[in-house]
Structures are given as structure tokens and as C-alpha cells.
Amino acid sequence: MLTLLRRYGTLIGFAAILLFFWISLPDTFMTARNWLNISQQMSMLIVVAAGMTIVMVMGDFDLSVGSMASLAGIVVAVMFTFDLPIWAAVSLALMVGLAGGAINGVLISVIGILPFVATLATLTMLSGLAFVVSGGKTISGRVIPEGFSGFARGGLSLGEWNGVAIALPNLTLVAIVIVALVWVLLEQTTFGRRLYAIGGNIEAAHLSGVAVRKLKLIAFALTGSTAALAGIMYASRVASANPTQGSSLMLNAIAGVFLGSTFSEHGEPRILGTILGVLILGILDNGLTQLSVDSYVRQILVGGIIILAVSTSSLTKHLRA
Amino acid sequence: MTQRNRTLRTFLATTALVATGLAATGALAQSKVAVITPYLAQPGTQFYVEAFEAAAKDKDWDVNVIDTAGDVAAVISRIEDMVTQNVDAIVLNVDPSQVSAGLQAAAEAGIPVVGMDAGSDPLLVTNVTSNGYAMAAETSTYVADRIDGEGNVVMFVFEAFPPVQVRSVVADAVFGNFPDINILDRVTPDVSDGGIADSRAKMEAILAANPEPGSIKAVWAAWDQPALGALQAIEAAGRDNEGIVITGIDANPQAREAIESGGNFEATVAQDFKGIGSTAADVVSRILAGEEIKQGVVYVPTKLVTIANAMAD
């Protein structure tokens, strides 16, 4: 019983939060419509957090994901001002993400700078770059093609539920695809197992022949790409781009991964845990907004829940050690 | 220990949620109105949100003020949540073209959205704001009257930004109506540094090109920063006793101080932020009463600020 509670504590907390909102908002919370809304609202954060999980598996961080997302959004929008087709603008922005991530990888694995320092520096640089490329302005209006902003508004029709037409939003679909890819990568391939090996003991992994440098470089490049993808999704959702719009993603993604890691047996990040972690953040935002809880009180509650979940998880570790 | 912590965590989270939840589910029959903005930390926004809340209190509405701390995508998310909650009206304070995904959801649910200094959009019932044309009319007629309808005037304009562009249209018309007023220069300052420094440099060049006392009668600026820059240039050139009249628009604190001190900077125009908030509340109550709002924009009067009232409000 005790072990069960220890192992599934966060899950029980998650269920308690769900139950609480279900009881307090009987008509509007547990509806297909609301859950599809939440999935869409969280889709960008899920993509960033999925990418963040890849590097956090190795015990590293990427602080630059928020500015990378902003920059990717700006790149897409600026390309639209040159009348580039949507596919070309999006591919270019994704390549910027891949390149930015690879630079992080080189700084960390080849040059050997601590991830915190290296990505803090690239955070600043990418953010500056976003301002330079955009001239500090918000790019919006007619330059953004209808097909690009329409994507975030569209979805796969799921028929009717209680007389209301519902659809699986395109942004949610993108997030599901990314989560599936990251799940396969981390849980089903040698690459993923080696990342976990690095996270477990980098020296041992190195001695047993794992190409630590190469793997780290690839992992950071992937994280950069997912951050860029999230930035593009964000730009599509708001039909505009400004040089700071992705900045809230970074801390929330790290919070989501930390919350998620408390679901796993040894406290290591797992992609499915990350999804649950991000969902907790999203459900709190959605439910507390519906309950008219003050925005600032909401922030305090969210922070408090993260501290409680992660500190209990780390206490568990100490007790075991 | 661990078990206690886990239980304690769950318990704390739940009680906190229950407590805030109970506080929030006070009244049911009231009209529910949501105010959504990413900019609550900015002074102007605070003024109209507070005025809106004060007016809403008299009307006994249940007002939910939601700040997304600069995150525009989160504004869409919160609009969607308010649509789920089926609120009676939403008041928005962000560029509507950036949140049209949310506005679409509100429109489909038949929930009216009123802009509070937001910008015009077909998906808004109306937008409550200040009239840029009227503000420019106040300062340009002030200039024309002060120089008795004759002399050289320098204009600082910014055509790329629509809310400022409308101001210069009116000033052009007013000055054009005086045959003896001559527009000496029409300057677009570089605003990337805030606008004061470059306006000062441009004004210094114009002063150098027109050294005769009385060769420049007035400086009309479409907003306060260039007016402040021009003032600095005139003072630095030692030409502050020639009676050059300067006007700005927006009545920022620096401009008010300059006007109060009794120098060349003589007038600006103050937007009535509180009036925008309370008028937005009036518009919402008219909509809730079933009235159809015909104007796409509802203008709130502005006020000319001179030495007589610079520090009054």
C-alpha cells in the first residue's frame, strides 16, 4: 500500500485535480469540446516539452527553446513578406531550428561548455536575432497567408457530440505525431537507450563505447527542431509573429518535464510522463480560468504544485539512496 | 515520511483548489463578463481595467479579469475557456487580428466581444478607444491660434503606424486651411531608440538651417517623444526665448512636466483611460440589454493639456 502510494503519488494527485474540476464544473469540464480545447492549447508546449525530454534524459537542459520558438515564428513570417510559399517558409524555419540546436550541441559536446551556460548564451543570441530579423515589430495582417493561419483553426472532423460539431484540431494532431516520434526514438531504439545510459552515468556510458559527443549533438539538434516547430505552430495560432512570443514556453516545458519525471519509477524523464506533466499545467490553467480564479493566484498555485510534486519525488530518491 | 509528503501534497493542492473554487462560485444569476488582456502590467491598461471593474461592480456583474502576462496565444486559449464557460460577454484588450481563432470560437457560440482600446475587427461588436483625429485637431488648432495663423511650422509625423498616421492627416488639413502657415519640414524620426534622440538630432539640423530668430514659429509633433526631442534641441541651441511653440500628443509624464515648467512645450492631449474602461462597461450593458451597437468604434473624448491643467490629473 505504502509503495503503491509512493509510486503513484503524482498520478493520484493528478486524478484528484481532475475530480475536483469535474465536480466544481459539472457541465463544462469533462466534455469532449473542453478536452479538445485543452489539447489544442497545450499542443505547442507539448512539442517543446517532448524535445526538452530528449536532452533532459541525459541530465542536460536547453534554455534556448523559447527564443528558438520566437525566432522560428519570425523567420516564417518574414519569409511570407517575400512571398515565399508556405512549405518553403516552414522548411526554412525548421532548418533554422535544426542549425540552432546543432550549435548548442557543438558548444556543449565538442567544446565542453556546461549546457546551462551554453544555452543561456544562445537564448540571448537567438532572442537578439529574432529582434534583428523582425526589426522589433510584430508581423501580422495580410502578409500572413490564409492557408497558414487557417491550419491552426482547422481540424479533423470527429462528428457530433451532444449536438455540437467537434473536430480534432490540426495542432493537436501535430503534437500527437511528435510525441509518437519521440516515444519511438527514446523507448524503442538503441539511440534512446544510449541517451538514458548517458543520463545514468556518463563515464560508464563513455567507457562502454557510447559515442557521447555525437549523441549529445544529435539530441540538442532535435530539441532545437522541435522548438522551431512549436514556434511555427504558435505563429499559425496567432496568425502573426513577434520576437518574444515563445518566451513563456521554456520554463513551462522544463516544469512539465520535471512534473512528468515524478511519474516514473526512478524519477527519470519519460515522454509519457512529460505529456502528463504538461497536461497538469494545462488542466490547471483551463480549470482555474473557468472557476474565475485570479490569474496571479493561478500562477502561485501552479508553482506550488510543481514544488510539491518534485520535492516529494526527490525525497523518495534520498530515502532510497 | 514520503507517504506523508505525498498525501500532504495531494491534500494541500486539493484544499487550495477547493478554497479558491468556493470563493469563485459565489453568485449564479449575475451576468458573467470576462476581461482578457496580455498587458495588465502596463499603467494604461490598469487604468481602464480598474474603471471597468468599478463600473461592473455597480451593475452587479461577475467580472473575471484574466492576464496572460504578454502571451498572445494564451489569450486565444482563455477566450476558448470563457466560451466553454458560456460567459455573457468578453472584453478584449489586444490586437484582434492576432486572436481571431479565439474570436471565431466566441462568434460561433454567439458570445459578444467588445474591444477596449483593441483595434477594429469585424469579429468585435465594437471597439472603445480615443479618437486620433480629434486629438490631432486639438493640438493643430492650438498651434495655428498661438502663432496667429502665420509662420513656418515643423511637423513630426509617423505614417507607417496607422494610429499615428490619422493624426497627421488632420494636422495637414488644419494647417492647409491657413494660407500664411508654411510647412517648413515634415520629419519622420527614427523611433528605434524611443524617438526622442533622433527627433532632437533632426530638429538641431533644421535649427541650423534656419538661424534667423522667428524663422520657425512652431513644432507640431504627432506624439510626445518627438516634441520632447525638439524641445531639447531648441534649449540646447539657446533659442528657447524665440517663442517657438511645441505641441505633442498622449500626455506622458515627461511631457506633462515639460508643460508644467512653462517652457516652449505648451500643449499635449490626454487620453481618458478611465473613461475608456467605464464606457466599455456601458457598451457591454447595452449589449446585455439586447441593444444592437451600430458603431464599429465608440470614441471616448480626450482632453487638451496645457500649463493650466498639466499636473491636475
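Is H2(A) mostly covered or mostly exposed, and how many of its 25 residues are buried? It's mostly covered, with 20 of the 25 buried. Keep in mind for every view below that this is a predicted model.

**View 1. Helix H2 of chain A has a bend in it.** The helix runs over residues 32–56, and at A:Ser43 it bends by about 50°. Burial goes along with this picture: 20 of the 25 residues in H2(A) count as buried.

**View 2. H2(A) packs with helix H7 of chain A.** H7(A) covers residues 170–188. The two axes sit 8 Å apart, at an angle of about 30°. Angles under 35 degrees count as roughly parallel, so H2(A) and H7(A) are roughly parallel to each other. As for handedness, their crossing is left-handed.

**View 3. Two of the spans in chain A that UniProt annotates as "transmembrane region".** The entry is unreviewed, and its list for chain A includes residues 42–59 and 164–186. Take residues 42–59 of chain A: this stretch is 83% helix and 0% strand, and 24 Å lie between its end C-alpha atoms. Residues 164–186 of chain A are 74% helix and 26% strand, with the end C-alpha atoms 38 Å apart.

**View 4. Over in chain B, the domain assignment gives domain 1 and domain 2.** Domain 1 of chain B is put together from 28–124 + 273–299, while domain 2 takes in 132–270. Going by C-alpha atoms, the centres of these domains of chain B are separated by 35 Å.

Definitions and conventions:
Residues are numbered from 1 along each chain as its sequence is written. Chains are lettered from A and ligands numbered from 1 in the order in which they are written. This is a predicted model: local features need pLDDT of at least 70, side-chain atom pairs count only at pLDDT 80 or more; totals for chains, interfaces and linings use all residues. The bend at a residue is the angle between axes fitted to the seven residues ending there and the seven starting there. Helices (H or I, at least four residues) and strands (E, at least two) are DSSP runs, numbered from the N terminus. A residue is buried if 20 or more other C-beta atoms lie within 10 Å of its own, exposed if 12 or fewer, and partly exposed in between; C-beta atoms are placed from the backbone. UniProt positions are given in the numbering used here, feature names are shortened, and annotations may be inferred rather than shown by experiment. Domain bounds come from an automatic or database domain assignment. Axes are lines fitted to C-alpha atoms, for helices over the stretch in contact, and angles run from 0 to 180 degrees between N-to-C directions. Angles under 35 degrees count as roughly parallel, over 145 as roughly antiparallel, 65 to 115 as roughly perpendicular and the rest as oblique. A crossing is left-handed if the near helix is turned anticlockwise from the far one by less than a right angle, and right-handed if clockwise.
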